[in-house]
Amino acid sequence: MKRFLLAVGAGLMAVSMASPSFAADLPRPAYKAPMYVAPFSWTGFYIGINGGYGWGKTNWSNVFGSSGDFNVKGALVGGTFGYNLQTGAWVWGLEADLDASWIKGSATNAFCGAVGCETRNRWLATGRGRIGYAWDRFLPYVTGGVAFGNSKISAPAGVSSNKTNVGWTAGAGLEYAFLGNWSAKAEYLYADLGNGSLRRLSLRRRGRL
């Protein structure tokens, strides 16, 4: 009996001693380093298209009186280009756009007569700086700069004028980069073109290079 127990004990020791050697020969799973995803960068030049709607007020006046404020409204469509530079989470940019415009309005009153006063905006352009704070692919921002707009007025008795007005613009927006270098944004701008003021809601699609 003692020999049997010793034999079993020796066998267990042999198995025990052999086990580490057996385990060492098993293939080990290859170590995989975690994938590194570079953060999205807003730095670079971009071009794009934009479209929106404008509305506001205008007025006429001369030595004989004033038409008072009357409404103008209509659609806009055009293109934009610019450059962004990202430092940390802050994004600094310069942007310019040019839109064809169908914004117009008219009024009939004692000053304008029965024929009426009509103001029409044929194009609108802006050159602006903008500052945003990026949350990866989301970019809320504020913007402001100079605005240019064509104003054509048709007055009673066939009198008309066609000129370019220069003023200022300011606004804010939210941009989202949704696919590769493509982004879209919604933007609100207020433009003051001298005696007239214009608000614009612009929905934009653009590709950043």
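1. Two strands count as paired if DSSP finds at least two bridges between them. Helices (H or I, at least four residues) and strands (E, at least two) are DSSP runs, numbered from the N terminus. The model is predicted: local features need pLDDT of at least 70, side-chain atom pairs count only at pLDDT 80 or more, and totals for chains, interfaces and linings use all residues. Residues are numbered from 1 along each chain as its sequence is written, and side-chain values use heavy atoms, with hydrogens and water left out.

2. Gly127 has Val146 in strand 7 as its bridge partner. In this hairpin, with 4 residues between the strands, Asp136 takes a positive phi near 55 degrees.

3. Strand 7 pairs with strand 8 as well, in the antiparallel sense and over 17 bridges. Tyr141 faces its opposite residue, Gly173, in strand 8.

4. Which residues make up the largest nonpolar core? A nonpolar core is a set of buried Ala, Val, Leu, Ile, Met, Phe, Trp, Tyr and Cys residues joined through side-chain atoms within 4.5 Å. The largest one has 7 residues: Val72, Leu76, Ile103, Leu124, Ala147, Ala191 and Leu193. Strand 4 (70–87) and strand 9 (182–193) each supply at least two residues of this core. A second, separate core has 6 residues, including Phe40, Val91, Ala134 and Leu139.

5. Ala147 belongs to the largest core. Leaving aside residues up to four places away in sequence, Ala147 touches Ala125, Thr126, Asn165, Val166, Gly167, Trp168, Thr169, Ala191 and Leu193 (contact means heavy atoms within 4.5 Å).

6. Asn181 sits in the loop between strand 8 (160–179) and strand 9. Is Asn181 buried or partly exposed? With a relative accessible area of 43%, Asn181 is partly exposed (buried is under 20%, exposed over 50%, partly exposed in between, with a 1.4 Å probe and protein chains only). Asn181 and Phe40 are 141 residues apart along the chain, and their C-alpha atoms are separated by 9.6 Å.
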